[in-house]
Amino acid sequence: PGLDGTGVPVALLDTGVDPSHPYLRGSVLDGIDLLEPGSGAVAQPHPTIPGRQERHATELAGIVAGSDGPEGLQGVAPGASILPIRIAGWQPDAEGGYTVYSRTDQILAGLEAAVDPNGDGDAHDAARIALLGVVEPYASFPDGPLPRAVAGATALDLLVVVPAGNDGRA
């Protein structure tokens, strides 16, 4: 009670974020895009369907740091800032189309970026919290590369929050 996340950077590892969304204005930092370096981790449109933009990270950003919503609706930490790290997005799929997904190497690179956003080897500029917006059965493979990377990031004082329950019984 009484805390709103002010001064806390939250790394959001997911699709791109729409920084112009009215409930996110002023909350979104310049992001890191691992799929299209230099794009700032802004939500990208579908490559062949105009108007169909990535949405998931924008929605999660609103849950975390949204403010000024209808009837005073706000996120759980409206004073926090969002550092978008785009590890997922429209990518070619096996059927010749495009699907929003992320690969293990992209998630690992995203965790590294959350721990050292400017890539200088010093973790003092790290986000304090990393929220991974992609489903991975972390508990099913405790010795896999992703749970090991989460453990490493945690050892560097990064609280890593990952989804659970959306991937079935695993």
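**Confidence.** The protein chain has an average pLDDT of 90, and 93% of its residues score at least 70. Among the elements of the chain, strand β3 (residues 81–86) has the highest confidence, at 97, whereas helix α3 has the lowest, at a mean of 91. Where pLDDT is low, predicted coordinates should not be read in detail.

**Helix pair.** Helix α2 spans residues 104–115 and helix α3 spans residues 145–155. The two pack at an angle of about 0°, and their axes lie 10 Å apart. Angles under 35 degrees count as roughly parallel, and α2 and α3 are therefore roughly parallel to each other. On the α2 side, the contact is made by T104, I107, L108, L111 and V115; on the α3 side, P145, L146, A149, V150 and A153 take part.

**Largest pocket.** The volume of the largest pocket is about 250 Å³. Its lining consists of 17 residues, and those nearest the centre of the pocket are H21, Y23, T58, E59 and G62.

The table sets out the residue classes at the two sites.

| Site | Nonpolar | Polar | Charged |
|---|---|---|---|
| Lining of the largest pocket | four nonpolar residues | nine polar residues | four charged residues |

Terms used. Residues numbered from 1 in each chain as written. Predicted model: local features only at pLDDT ≥ 70, side-chain atom pairs only at ≥ 80, totals over all residues. Heavy atoms only, no water. Axes fitted to C-alpha atoms, helices over the stretch in contact; angles between N-to-C directions. Helix = DSSP H or I, 4+ residues; strand = E, 2+ residues; numbered from the N terminus. Parallel < 35°, antiparallel > 145°, perpendicular 65-115°, else oblique. Contact = heavy atoms within 4.5 Å. pLDDT = per-residue confidence, 0-100. 1 Å grid on protein atoms, 1.4 Å probe; cavity = no way out; pocket = protein on both sides within 12 Å on 5 of 7 lines; lining within 4 Å. Points joined across faces, edges and corners; volume = space filled by probe spheres on them. Nonpolar A, V, L, I, M, F, W, Y, C, P; charged D, E, K, R; others polar.
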